[in-house]
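Here is a briefing on the structure shown below. The points are grouped by topic.

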Amino acid sequence: MDWRAETQALREQALPEIATDDHLLALDERRVRWLGRNGLITKLLRSIVSAPDAERREFGAAANALKAEVEAALEHQIAKVKAAAPDSRLTEQDDLTLPGRPVRLGRMHPISRTIREISRIFLSMGFEAVEGPEIEWDYYNFEALNIPKGHPARDKFNTLWASNPLGDDPSRPMLFRTHTSPMQIRIMEQRKPPIRVIVPGRCYRFEATDATHESVFFQYEGLAIDEKLSMADLKGVLYSFARQLFGGERKVRFRPDYFPFTEPSAEIAFDCFVCDGSGQKDGGRCPTCWGSGWIEAAGCGMVHPDALRRVGYDPDKYQGFAFGGGVDRLAGLLTGTPDIRLFHQNDLRYLESV
Amino acid sequence: MPTIRVPLSWLREYVEAHGSAEEIGRGLHMSGTEVDRIERPGGGWDHVWVGRIAALEKHPNADKLQLVTVEYGEGRTKTVVTGAPNIRAGDVVPYAEVGARLRDAGTGAPGREAHGDGWLTLEPKKVRGIMSEGMVCSERELGLGDDHDGILILDQGLAVGQPLADALGDPVLVLELQPNRPDCMGVVGVAREVAAVQRVALREPKVAKLRYQLDRALLDVRIEDPEACPRFGAAYLENVTIGPSPKWMQQRLTAAGMRPIHNAVDITNYVMLELGQPLHAYDADRLRGHALVARRARSGESLRTLDGVERILSPDLLVIADDERSLGIAGILGGQDSEIRPTTTKIALECASFEPRGIDRTAAKLGLSQQSAASARFRLALSPELVPLAVARAAQLLVEHADARIVGAVDVYPSPRPRPNVRLRFSDILRVLGVEIPREESLDALSRLGFQYAESGDTLVVTPPAIRTDIGIAEDIVEEVARIVGYDRIPVLIPDGQLPLQERHPLEALREQVRDHLVGFGLQETVSYSLIDPAWLGRLSADGSPIAPAPIRVQNPTSISQSVARPTLRASLLDTAARNLRHRDGVAIFEISPVYLPRAGDLPEERWTIAVLVAGRAKEQTWLTQPRDWDRWDVKGLLAAMARSINAGTFSGPSGPAAGMHPGSSSTRLHDGRPALMIGQLDPRVAARWGVPTETFIGEVDLASLLAVVQPHVAKLPPKYPAALREVAFVVDEAVTYGAVRDDVTGAAKDLLESLTLLDVYRGPQVGVGKKSFALRLVLRSRTGTLTDADVEKVVSRIEGRVLHKLGGTIRG
């Protein structure tokens, strides 16, 4: 047979054969049959040497082209078969609606979380978190804060008095601190201006408890002393605090208030983050601010010159501000807890929900 | 805080205030006078109308009752049953329909706050067989006055069918005053604030000055203790007729929360409510020696006070006396003997200024926690300047409403108090507030409050009005300016200037890390009361002996359940566990809090403690997991993981038994002589007392000790050489602890031991009675080269040798 006809015949036989194979093993056999050591195309290539000189070049080119064509066809078919075959690694079908393996979830108490958040915000404004004793001398809780014995402002602080089993000194009464403000004095005694501290901690009052009052509760106290701090700076710090805590464009409202250890004094309120200060929610009175549009958050003011003098600061040189507010109230607002007594009841059904 | 009630109509007598009660209230509130609420008489008088009696007939089944048909507009009529005798057809009366809330005339104290009790809500009710729908009301039922003898007959001119509140309602501002503002304890003082805030005129009551001349034979006024009583004013009046005070005065007193008595007492109360200064009227004929003396009580002197109590007095109490006996305890409580009677014709008006601390001390000594209207004022720093004013005002009202004739007056004021002058610079306002308030505006605010001033350049010298006793320093003046121009004027600035260097508080930082890790381990944090029931402490051990030092006590606890400062967290955790285990099968909780440990002569140590409790079901059954309960190895594992998470080393001190815990399954460990760690199973007898499972496991760690063993982190580079793995098993006597084996293994392996895992503890026939076997996996690795088989064999045989030699163990093949 003419090599031309032979080449063409092989092509016409090989390519359709390969194209019909649908199994990798079959294709392996096919490769042996055509391209193997004794394969039909291999034999054809071997016969090139015996071709006439004049045609040898042309024959060689045609035979090699056929070999390439068949190889390509094999590769193509292998790929095709592989693509069509199911991969055993992918055959499994899970019921993904089945529940996963349970993971035990722990939670921080809302009070701890709120204290941490308060500290974090003030830390970002250069305030350092410090702590102080819960059981305190009368001096720090009252005397040093311009509330001597018999001062009518003591009425605001229904005090729980402490008694030491190892003996009491009547000249030095000990009490459960009624606010975190004694730390103002302790900090100023220990440090020199500039001062910026935030003091979270537990406080105590002789108080009948209800949804918004506790005999054991938490406060945060802020103190900043420098040469030029004014009430405008106080407003700025608390404004920033409110926005970071409650988000949005929170406003801060100041109204005059009275504390013996600050002058001037103010009460801070944030506009209500639930009703945006409107006092209205869902066609009724906003339950968070009781319709006032404001959430009273803390007392504050400029540190009284007497307090500065008492710790040896020169009030003509240094001035600053202090503020103090309730952690429980903020924690209640942040977690949607309507009754602050829940914080101390430790009902896990409640704690796991907040 | 002192509370006062200011009826709006009374306030308007002294100030041309514009706006509603709410608007006036807002102005007061935002300038520092806290408005607690605005009350309408009778709590708002919802469902109470102006009605007319259309018909009146006798009750068919009761002689003393009448059936009243009331019309109240828009054709509405209702029938009610009443026993009141004073009504006729055609009368205009208050009609309360079903649903109205009224004072309970039986118990209600008119004009006072009586939440809950003292109120009733009307319901339809059958009276002797006839349905009565609502009520026609008396003064007392409406909270307008004390009269309950009959129905309140209204003015015929009132439009029938309008809400009663529109016809009669006079809102009452209920103010919570600050203790530094006694000047606002009277309506005039509040009016002064309104006038300043609203920029309107103040009309103080016109009071004619008294002639300070009085025959000592009629009334001899003396101060024996001028420190306790700096000023003592009095007036003598005769020709007095005692009788009811005018209706308008009674209504004002009632609205302000006081009960009308008769004209003399009502007038002294009225002046107190008006000016803030209490005074007292005596029957002058009953003053022995015609004297009024402010003096110390004599030792053993007794006095029957107005509350009916016979009190033995002592010299530390100030009394008002005549020449022979005490008449009353100064500023606190009057006596019965000198009371005005219906027959009184001569009155000695007494008005004094007392040292406020003395008032408090006296009240405390007498055990009078309830303040009277007078003592609530006297305990604040009332201005002595109010004394002559109040005497003159009361005398004038006695002339007008008790036919009295003023004979004369005295004013004993041995050392008049100078009025303070406060010096400041205008720049102080900017310095304190952070905003410039124009000079004219600042001065205007001050003068509207009644301050006088003199300017000289930047300097300002201010004299507060005589009634203001709270002003002493420049900052006080700045606050006055600020609250009148409005705190809204203060801008919002972010502070600049130098920031202080921050310190890091290692204990607090560690505490927060521990908190995070324990939460991460799946424990729920709790926060419980730091004040606990002392009985709890006795329940922490089987025999009731204390496991912690005697606690700090609360001298005046709110209840026994919160009467000591906890010296341990254990009781709180047990209480929390027990309460929760009533509605769940398992708890895994922790608390981080100080415990309070008394120190002699000092504040207690507040020792931060971590406490963990697990009990009951640890894992519920699911399709993937088997149920299991918490056990001792959980709590040990949790604390070990916590220690590892903060890179804590081990406590150095000896270990010993733990009080209140299972003697065979607990231990404590000291570090530097103080208890650092307690871990184990609760004593089952204690568990039973608390109602927690027998298998309850607790861990307690002293945070400061933990901090002491925290190691700095040292980075460990990935190893270069391969590890060799060997498993060995030692059989030892039952008495030999795992710890002993572990220590020998690690000691013998030197630094080639990378890790040691206890694979199994076996007891049984294969090792014999009284023996146990520990199966261990050792990972051995050298930092300097690959361990050959020979190297490994050498180490393993050294380990085996050590255990065999020291602990008498055998190797299990």
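Helices and strands here are DSSP runs, numbered from the N terminus; a strand is a run of E of at least two residues. On that basis, B:E700 belongs to strand β37 of chain B, residues 696–702. The model is predicted.

**Domains of chain A**

- Chain A splits into domain 1, residues 3–84, and domain 2, residues 110–351.
- Between the C-alpha centres of domain 1 of chain A and domain 2 of chain A the distance is 91 Å.

**A three-stranded sheet in chain B**

- Three strands of chain B form an open sheet in the order β1-β12-β2, and the pairing is antiparallel.
- The edges are held by β1 (3–7) and β2 (34–39) of chain B; each has a single partner strand, so one side of each has no neighbour in the sheet.
- On average, neighbouring strands of this sheet are turned by 25° against each other, direction ignored.
- β1(B) pairs with β12 of chain B (residues 172–176) in the antiparallel sense, over five bridges.
- Opposite B:T3 stands B:E176, in β12(B).
- Helix α2 of chain B (residues 21–30) packs on the sheet and touches β2 and β12 of chain B. The direction of α2 makes about 165° with that of β2(B).
- Helix α6 of chain B (residues 247–256) also packs on the sheet, where it touches β1 and β12 of chain B. The direction of α6 makes about 140° with that of β1(B).

**Nonpolar cores**

- The largest nonpolar core contains 102 residues. The residues with the most contacts inside it are A:F122, A:Y220, A:F241, A:F254, A:F323 and B:L433.
- Helix α8 of chain A (residues 231–246) supplies the largest share of this core, nine residues.
- Another core, of 58 residues, lies apart from the largest one. Its members include B:V6, B:I24, B:I267 and B:M272.

**Helix α10 of chain A**

- α10(A) spans residues 327–335 and is mostly covered, with seven of its nine residues buried.
- Those buried residues are A:V327, A:D328, A:L330, A:A331, A:G332, A:L333 and A:T335.
- After α10(A) comes A:G336, with a positive phi near 65°.

**B:L446**

- B:L446 sits in helix α12 of chain B, residues 439–448.
- The relative accessible area of B:L446 is 0%, so this residue is buried.
- Its contacts, leaving aside neighbours within four places in sequence, are B:F451, B:L460, B:V462, B:I477, B:E480 and B:V481.
- The C-alpha atoms of B:L446 and B:A196 are 8.7 Å apart, although 250 residues separate the two along the chain.

**B:E700**

- Is B:E700 buried or exposed? B:E700 counts as buried because its relative accessibility is 14%, and the cut-off for buried is under 20%.
- The side chains of B:E700 and B:R570 are joined by a polar contact of 2.8 Å.
- Not counting residues up to four places away in sequence, B:E700 touches B:T568, B:R570, B:I610, B:A611, B:A676, B:L677 and B:M678.

Definitions and conventions: Residues numbered from 1 in each chain as written. Chains lettered and ligands numbered in written order. Predicted model: local features only at pLDDT ≥ 70, side-chain atom pairs only at ≥ 80, totals over all residues. Heavy atoms only, no water. Domains from an automatic or database assignment. Pairing = 2+ DSSP bridges. Helix = DSSP H or I, 4+ residues; strand = E, 2+ residues; numbered from the N terminus. Axes fitted to C-alpha atoms, helices over the stretch in contact; angles between N-to-C directions. Contact = heavy atoms within 4.5 Å. Core = buried A, V, L, I, M, F, W, Y, C linked by side-chain atoms within 4.5 Å. Buried < 20%, exposed > 50% of the residue type's maximum accessible area, 1.4 Å probe, protein only. Polar contact = N/O pair within 3.5 Å; in protein donor to acceptor, adjacent residues only side chain to side chain.
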